[in-house]
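Dear colleague,

I am passing on the structure that we spoke of, and my notes on it follow below. Please look through it before you read on.

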Protein chains: 2
Amino acid sequence: MRTSILDAAERMIAEEGEEGLSIRRLAEEIDYSPAAIYKYFGSKDELVDELKEAFFARILTHVDSVQGSEEPFRHRAHNCLRVYIEEALDKPHQYLGAFSGVVDPNDDIKKEGHKARAFDYLISMVEEGQALGHFDASRNPVTVAKAVWACCHGAASLLAHLPHFLEGMKSETPVERSAFLDLHAEIVLNGLYRR
Amino acid sequence: MRTSILDAAERMIAEEGEEGLSIRRLAEEIDYSPAAIYKYFGSKDELVDELKEAFFARILTHVDSVQGSEEPFRHRAHNCLRVYIEEALDKPHQYLGAFSGVVDPNDDIKKEGHKARAFDYLISMVEEGQALGHFDASRNPVTVAKAVWACCHGAASLLAHLPHFLEGMKSETPVERSAFLDLHAEIVLNGLYRR
DNA sequence: ATTAAGAAGTGAACACTGTTCACTTTCTGA
DNA sequence: TCAGAAAGTGAACAGTGTTCACTTCTTAAT
């Protein structure tokens, strides 16, 4: 029953966005009373938080499989960045929702666990690049990883927010999403490599 | 009167976020009736859109002054990226609000004008870098500018969403925001320069 | 098989939201 | 002075998340 609620909620968010999700309409969709939902979830926020958690877990799985592959470092790193963005764009509404609003530094110490875990992969990637002598080893890997995450998050967020980002916006010749992600990852990685 | 409404709305958004803005409470704050606001603005969305427009205009002003300075190219480019992010972080709630939700490709053709203009500066910066021989001239400058914007937007968006991004999140030694923005801009710019 | 306990589900209500509309007040220009 | 427009209002509508007393159902123990 819990899962049937979550499924319906995920479907509604995918179609109408996080703000379009209404407990009452959700209840009607699965032939429930609105109050019944509160037997399973303490609040609407709790419900969508659970969805976010599952969503980031899915992203992590994909990044993990790329990171664990046998390809050379640069390929692996390139695909890590790509895959994060591609998986984020699988559910644009959910990804945007996960980063909307200013979080209060007090109450999110544990709530933002999924993001922290996605982040660990980046740190180890940067450390590996430094150990191999490709990246500047004098930089703090955690801080560098934050900058890299920022770049990836920006691409994911922008493409999710503006579905026509690559078609419109001054593009006389539209660019394929895949080609854009390659260019983006190439620029970021190139920026990390020592000269 | 219009401006007094806008001022109050901006203040409330800065304090409680875009979702925390309520027409009714806004009306009470300035001793108005809720209905009166609809004599000046067609809807709540129209009101906050006007705020967004003004906000991006402010950002543009600052980027413009950097771009028009007499410094060498690399300094100018570096500061362009920095200033965009810094100005965005001046009003975190508003910046996040401007990029929340998936926009319908049908109705936003003209609505997203401010973002398009902020974007023009990046295009000309990339073109200048190519003309000077610093950047790979075989790349489409518009597409490259999109990738660069993605990187900057990501930093702005992440820092706005997580105010403690640089203190918490695996940072045993907290990094100054200014130092982080320098590192971020350096990586992105370095990624653009030819090898 | 009976009964008690607890889980699951409900309808009605509360307090809030954006928005509209008929209505009144106020101001302005001829 | 007076008509007409502009500015402002209270009440209402439809929607929201959430709560609570209440009923129904299931399950376990006597």
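Which element gives the largest share of the surface near DNA strand C? That share, 3 residues, comes from H2(B), where helices (H or I, at least four residues) and strands (E, at least two) are DSSP runs numbered from the N terminus.

Please keep in mind that this is a predicted model, in which local features need pLDDT of at least 70 and side-chain atom pairs count only at pLDDT 80 or more, while totals for chains, interfaces and linings use all residues. Residues are numbered from 1 along each chain as its sequence is written, and chains are lettered from A and ligands numbered from 1 in the order in which they are written.

**DNA strand C**

DNA strand C is surrounded by 16 residues, the closest being Ala35(A), Ser22(B), Ala35(B), Ser43(B) and Lys44(B); a residue is near a strand if its C-beta atom, placed from the backbone, lies within 6 Å of it. Two or more residues each come from helix H3 (34-37) of chain A and from helix H2 (23-29), helix H3 (34-37) and helix H4 (44-67) of chain B. By class, this surface has 8 nonpolar, 3 polar and 5 charged residues, with Ala, Val, Leu, Ile, Met, Phe, Trp, Tyr, Cys and Pro counted as nonpolar, Asp, Glu, Lys and Arg as charged, and the others, Gly among them, as polar.

**The two chains**

Between the chains, 45 residues of chain B are in contact with 45 residues of chain A, contact meaning that the C-beta atoms, placed from the backbone, lie within 7 Å. H8(B) gives the most to the side of chain B that touches chain A, with 14 residues, and by class that side has 27 nonpolar, 14 polar and 4 charged residues.

**Helix H7 of chain B**

The buried residues of H7(B) are Lys115(B), Ala118(B), Leu122(B), Met125(B), Val126(B) and Gly129(B), a residue being buried if 20 or more other C-beta atoms lie within 10 Å of its own, exposed if 12 or fewer, and partly exposed in between, with C-beta atoms placed from the backbone. They cover an arc of only 100 degrees around the axis, which puts them on the same side of H7(B); the arc is that of the directions from the helix axis to the C-beta atoms. The face turned away from that buried side carries the exposed residues Gly113(B), Asp120(B), Ser124(B) and Ala131(B). What covers the buried residues includes H4, helix H5 (73-88), H8 and H9 of chain B.

With best wishes

Notes
Two residues are in contact if their C-beta atoms, placed from the backbone, lie within 7 Å.
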